[in-house]
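The following paragraphs lead the reader through one structure. Please keep the sequence and the model in view while reading.

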Amino acid sequence: MWDTVPWFTEGGAEHSSEVARVLAYAAFAGGEGIVGAGDLQVRAVSTPAAAVSVLPGACAVLNRATGGKYQAYVARLPSSDQVPVAATGVSKRSDLIVARIENPYSSGETWPLPSNPKTGPYVFTRVISNVPPTTTSVRQIRPGDSAITLARIDIPANTSSITQSMIKDLRDMVNPRARRRLYTDSPAGDENWAGTTKWQWVAWPPTSRWTVEIPPWATKARIVLTLSALQILKGGVWGSFAWKLGPLQGESITFDTGATDGSERRNMIAADTISIPTTMRGTVQPLVSMMAMDNDQPGVFQADVTTSFIADVEWVEDPYEDES
C-alpha cells in the first residue's frame with residue numbers, strides 16, 4: 001500500500017516524515033557524508049584537554065532503521081560542539097567520533113525519548129570508545145546506526161589531553177564535485193633547447209603553457225602532463241621533467257637517454273596530485289612544462305610540428321582540514 005500523501009500535496013494534507021526523508025535521499029543521490037569540504041572537522045581544543053571540538057557544518061545521514069530504505073536525514077551544526085574524551089590508563093586506546101541520529105520514533109529504534117519532542121535533540125556528536133586501531137568507519141563496528149564517521153582518535157597510554165596529532169580525519173563528502181579538462185598544443189615550428197644553467201628549472205617548451213581556471217571548490221588537482229614525440233638531436237640528454245601550476249611544482253621524473261646515434265624521439269609523462277591552498281581556489285593560474293638538464297650532455301631537445309603536448313587536469317573536492 002502506498003504512503004498515501006506524496007510530497008507535496010495541497011489542501012492541508014499531512015505528509016509523513018518517511019516521504020520527507022525520501023526527498024532528502026534523492027537530493028543527495030543516495031549518498032551520505034559532509035556537505036562542504038571543510039564541514040564537521042574534529043579538532044583538538046585550543047588548550048589541549050580531555051575533549052575535542054567538532055567545527056560547524058552540515059551532513060546527510062542515511063536512515064538505517066527498519067524500513068528506512070531510500071531515506072536520509074539532513075543535520076546542521078551551526079556552532080562548534082565540544083565533547084569529552086576519557087583519559088587512557090596503562091594501555092593506549094582508539095575512539096571513533098561520529099555524528100549520529102537518535103530517532104526513537106523510527107521503526108525498530110530503541111533510543112530514549114527526548115525531553116522535548118519538538119526540539120529533541122535527535123542528533124549528537126558521539127564518542128564510540130575502544131575501537132580497533134584500524135577502524136575507518138562506524139559501519140565496521142555499529143552497522144545499524146544512522147551515523148557518519150568524522151574521525152578516529154588514537155590516544156597513547158596514560159594520556160588525558162588530546163592533541164591534533166592524535167586525530168585522524170575520516171570524513172567523506174556526500175556529493176564531492178570533480179571537473180576534468182584536457183589541454184593540448186603543438187609548436188608551429190622548431191623549438192630547440194640545450195639546457196641553461198646546470199640543473200636549473202626552466203619553463204620549456206614555451207608552447208607547452210596554458211592558462212587554467214581553478215574552481216573555487218577544488219581542494220586537490222590531479223595533473224598528467226605528456227610531451228609526445230619530443231626529438232633528441234646531437235647525442236644523449238640527462239635531466240628532469242615536471243609540470244608547474246602557479247607556484248606549485250609537481251613531482252618530477254628523470255630522463256636519461258644514454259648514448260644515442262644523434263637523433264631519436266621520446267615520450268615523457270609527469271604526473272602528481274597536489275593540494276590546492278585556499279588562496280589559489282577560484283583563481284586563474286599558468287600551467288607550464290618544466291625542464292632541468294645536465295648541460296654537460298651533448299644532446300639537444302627539439303619540439304616541432306610533430307610534437308604534441310597534452311595536459312590532463314582533474315579538479316577534485318575532498319574533505320580538507322582547516323589550514324589556519
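**A buried arginine and the nonpolar cores**

Arginine 152 counts as buried because its relative accessibility is 7%, where buried means under 20% relative accessible area, exposed over 50% and partly exposed in between (1.4 Å probe, protein chains only). The model is predicted: local features need pLDDT of at least 70, side-chain atom pairs count only at pLDDT 80 or more, and totals for chains, interfaces and linings use all residues. Residues are numbered from 1 along each chain as its sequence is written, and side-chain values use heavy atoms, with hydrogens and water left out.

Arginine 152 belongs to strand β9 (residues 147-155); strands (E, at least two residues) are DSSP runs, numbered from the N terminus. Its side chain makes a polar contact of 2.9 Å with the side chain of aspartate 154. A polar contact is a pair of N or O atoms within 3.5 Å; within protein, one must be able to donate a hydrogen and the other to accept it, and residues adjacent in sequence count only if both atoms are side-chain atoms.

The largest nonpolar core has 33 residues, and Leu245, Leu287, Met291, Phe301 and Trp315 have the most contacts inside it. Such a core is a set of buried Ala, Val, Leu, Ile, Met, Phe, Trp, Tyr and Cys residues joined through side-chain atoms within 4.5 Å. Strand β15 gives the most to this core, with 6 residues. Apart from it lies another core of 24 residues, including Ile97 and Ile148.

Conventions: Helices (H or I, at least four residues) and strands (E, at least two) are DSSP runs, numbered from the N terminus.
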